[in-house]
Every structure is written in structure tokens, then in C-alpha cells.
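Hi,

Here is the structure I said I'd pass along.

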Amino acid sequence: MSPPRKRRQYTNSLSSPVSKRTRSSTSDFSIPGFTLPAGPKKEKQHHVAPTYRRPGQYLGRNVSVDDAMMLTSPTNESAAISSADGQLLKDQGALTLPPEQAQTDLIATFIDFGHVWTPVIDSAWLDTSKPSLLLLQSIFVAASRLTTQPNEYGSTADFYRRAKLLFFFGNERNALISISSAILLSWYSPVGPETVVTDTSAFWLRTAESIAFQIGLHKEPAVTDPQRGLRRRIWGTLVLLDCITSATLGSPQSITPSDSASNMQPPTLDDFTTQDFPARTFPVYVSIAQLLGTIAQRRLRRDLWPEHTRTLETSLFRWVKHDFLTISGPSLSSSLETRQVLVMYFAGLIMLDRARGQSADRPLAARSLLSASFIVGIYRDFLEKDELCRLGPASPFYALVAGLVLIPTYKTEPLWETANEDTVILKACLQILSKQWGAAIGALRTLQKLSDDALSHFPPTGAETELRIPRLSDETLAFFEGFDRRWCRLWGPIVDRTHEGGVSDLNGSLRSILDNYAASRPWGDVPRPAGVPEVEAEALDALRGGGGGTSAWERGLGGEWLLDNGSSL
């Protein structure tokens, strides 16, 4: 009898998790009493932080530069734009706002579903008789992306065009508002990486980062700074978005982890005036995003050595055993927010396994398969509860990551039927997401092509079946302890060695959705997302297959870099 296998230990010496508190949907805001405008009101005075770092601060102590010497414009420069520009903005509708009730509804929508991921707004900015037009239009852009309800006072494209004009006409002189607005405009992103335009999340992120570096936002603010929490939240948002953009597009990071860590500490509860559920969620979200970014960068630079892999494995384990518990509680509850964050954890495990050499010609990794199946189960929840409209621009990427793992199992007879249905669920979700996010179109087309190729070689031979049945190691099981196994339909075949979790547990409505999807094969004529300019139709037609050529997904962008064993920036 062979000796028992020694189980690998993952350390978790952090303190016990904070008990979950009752969620407040308004966080730092007071929406029920919000009206706009509210008539004459005394403006609140705030400390204005320096808008640049003096050369003496980084050239050396012997360099002495007076602030007045550095001024290149009058200190009393008016924030008002020229009459000609103002008239143009008016003619283009940039100064148009919806009625007060519509504004209140849009702001409330953003606070309920978007503020937790981008807590970049100071409530004082709205608690004034004359809120920033740029800020308002930007909030409306993000809010309209988080709902399927039509708005007769303006579409997402309308709000975006107004905000874009206000931004580039220099209407806003408050640098923090400009940065926050650029972050909110990154919610627009109507096309995937295959279309070169200035309307993508990456473009607005780089724009916001540029202003942030200019005003020294990457430096730890003084403890006495009244905007300390706001500045740290905005910087934390830039860091996490930079990491997610790197992972989803396979692109270099603009904010290097070492530079960020040396200048600014990670966000904490103290950065929020109300320490509620969104306040507890944001630091957890930032930490998992940074792990994804680190995995992606090391993978792309071919710099993921065994010691790095071990460190990242331990970091993911500690995250799920400590950080995640601070927002989910011991029962690993499944609110909309916790499920969205948890998807990133499972995606991180898959990315780490693929970086270790898991590919189509090698035995499947049980950890990756289980992670992919958990992602499908969570997306299935989103689909059944009509929550897909609440997801952000990166949501197609996580569905793609899961699909890339599941499709090779078509060659494994005990798994292929469940894996095929799970892939169909992902494709159905991507079809719905494509109405909001252009990146879903390429992901959908990629999964459809790969699954068609896999099914063309079905059924598998006996030799392939025996070779490809994955085995779950003892240490791997620790990464999934405590999760709802109903999310993972591959748990039975892989862990318990049973055939439970097949097609029979799909309810009637979901079965109808999937049957309709399979019959129509909508990937070939994915509708153009609302608000995409007509000039981009040709590029989208090419992506759908009507224009020939090679899409960005086939060139290695938008997550397709995960298919390669070796990549390089």
C-alpha cells in the first residue's frame, strides 16, 4: 500500500475576517433627498492639493524652485470657456440635462451598481447648486451602461458625446473631477480591441492616468489633507483598472506595481466616510485585480518562474481565505457583488495554470476545469436573474477564459456533454453582453469557432479518453473549500467520479434560452451594440466574418494571448 500523499500547506496567518454588515446602497451619498439643481446654496470650501510636483522634490535638495517661477498662466485665469466654444457646446447638446427625476434615477443606479467598483465621486461635488456638467454627463454614461431600461432623455451614446465634448473643450478645471470623469467614461467602451478608436476603456484610463501623474495623485497624501480618502480611492481605482486592462488585452501596465507600492499604500476602510458593504468590497476588489495583473504581466513577459508561481498561488489562497471572507462571511454568500469578485479569483487560477504550460496537447488541469465550471455556474446565475446588464466591460473576458478551458474537454467522453452545455451557457451570456460591450462579440466568435472545430472531431477515441481524464490532487481541493458546489457541474465527474450535474438540472426557462440560442447560432450576425457610430460598422462586419481579414482576437488581443504557451510584450 502506497504511503499517503503529503498535502501541500498554504499559509493563512492573517487575522479573522470582519463580520458582514448590512449593506447601504447609497454609500457616501444621500440619494433620497437629492435634487438638482437645489437653488442658491453656500458652496463648501475644500483644500486644493498642489497640481504638480516641484522639480526640487525629485531633482535633489540643492535645487530650489519657487512656485511663482513655475507658473505659465495667470493665477486668476477664469474657468469659463469662450463664448464661441460655449455656443458650440450648446448647439451640440452638451449642456443638455435630463429632468431632475431622471437625473436622480441615473445617479441612484450608478451608486447601487457602479460606485462599488469606481468610488471616485465626492458627495460634495453633487451637493451644490451648480454641479459639474462634465461629472453629471459622465455619471449618466456609466449609469446607462448598468441598466437595460430605455431612457427617453438620452442614450448612452448621447451622454457620452456630451461628456466627451465637455472634457476636451476644457470645461472642467478641477483636476480630480476631470480624472474621475475620465474613469467613468471608460464604462462606455462600445467596441472591442479590434477597432482602433478613442472611445475604449483603455483610452480613457490612460487619459485619467496622465492627469493623475501630473497632479501627483500617485503620492501618498498628507494625513491632514481633507481629500485624502478621495485621492486614495481614485488612485486605487486607476491601479485596479490598469491591472484589469492588462489582463484582458494582454497589454503592458502603465502603473507598475513597484512604483505604486512605493508611493501609495493600498486602499482601506479608512478611505471611506461610511464603512459599509461597498467600502469593504473595494479593497478586496483592488487586491484580486492586482493579482490578475501580476499574473498577466509575468505571463506575457515570460517571467513566471516556479518560485513566482508558488508565491502567486499562496497569494490567491490567502485572498480567498481572508480578503474575500470580509465581504462574503463564513458562508461565502453570493450577492451580486461577491459573485462578480469571485469570478476574478477563478479566472486567476486558470491564468496561473495556463502560464504553467497547460495547453491543448497536454492533460487537462483539474483546478482549471473546476474553476471554469464555477465561472459558468456564476454566469448562469447572472443569466437566470437577469443580472448580465449589471456587469462591467471586463465581463466578456472572464467568460472567454472559462470557455478556453472547457472546449478541450470535448475530447473526454465522461466530461464532454456537460462541458459542451457549459460552453453554450457562456456563449448565450456573451450574446446578451454583446448588446452592451463590443468586446463580447470577439469572445463569442472565438468560442464558437473553437467549439465547432472541437465538435468536428467528435466522438473521441478510447485512447484519448483514458489519457485526458483529469486527476485532482489533494492540495488543489483547498482552493475550492466552502464554495457552493451547485455552481460547478463538473464537480461530480472530476472530484466525486460520478456523472451528476449533467443536463437534467437545467430549469425550463434556461433550457429554452439555450435551445433557442443553439438553433439560431446568433454569433454569425451579432447585432451592433447600441451607440456604435456607423463609421465603425465595417470593422464590426469584419469581426463577424463578413469582411474577411483577421480580427484582433485572432492576432492575440483581448484575451486570446492565453492560447499561446509563450508571449512577449
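Below is what turned up when I went through it, starting with a pocket and moving on to one residue and a pair of helices.

Before anything else: this is a predicted model.

**The pocket.** The second largest pocket has a volume of about 890 Å³. Its lining is made up of 45 residues, and Ser201, Ile244, Thr248, Pro393 and Ala394 are the ones nearest the centre. H10 gives the largest share, with 6 residues. Sorted by class, the lining of this pocket has 27 nonpolar, 16 polar and 2 charged residues.

**The aspartate.** Next, go to aspartate 422, which sits in helix H18 (residues 416–433). Is aspartate 422 buried or exposed? Its relative accessible area is 1%, so it counts as buried. Leaving aside neighbours within four places in sequence, aspartate 422 is in contact with Ser373, Val376, Leu406 and Arg489.

On the H17 side the contact is made by Pro396, Ala399, Leu400, Gly403 and Leu404, while H19 brings Ala439, Ala440, Ala443, Thr446, Leu447 and Leu450. By class, that contact has 9 nonpolar and 2 polar residues, with no charged ones.

Cheers

Notes:
Residues are numbered from 1 along each chain as its sequence is written. This is a predicted model: local features need pLDDT of at least 70, side-chain atom pairs count only at pLDDT 80 or more; totals for chains, interfaces and linings use all residues. Side-chain values use heavy atoms; hydrogens and water are left out. On a 1 Å grid over the protein atoms alone, a cavity is a set of points where a 1.4 Å probe fits but cannot get out, and a pocket is an open set with protein on both sides within 12 Å along at least five of seven lines; lining residues have an atom within 4 Å of a point. Grid points are joined across faces, edges and corners, and a volume is the space filled by probe spheres set on the points. Helices (H or I, at least four residues) and strands (E, at least two) are DSSP runs, numbered from the N terminus. Ala, Val, Leu, Ile, Met, Phe, Trp, Tyr, Cys and Pro count as nonpolar, Asp, Glu, Lys and Arg as charged, and the others, Gly among them, as polar. Buried means under 20% relative accessible area, exposed over 50%, partly exposed in between (1.4 Å probe, protein chains only). Contact means heavy atoms within 4.5 Å.
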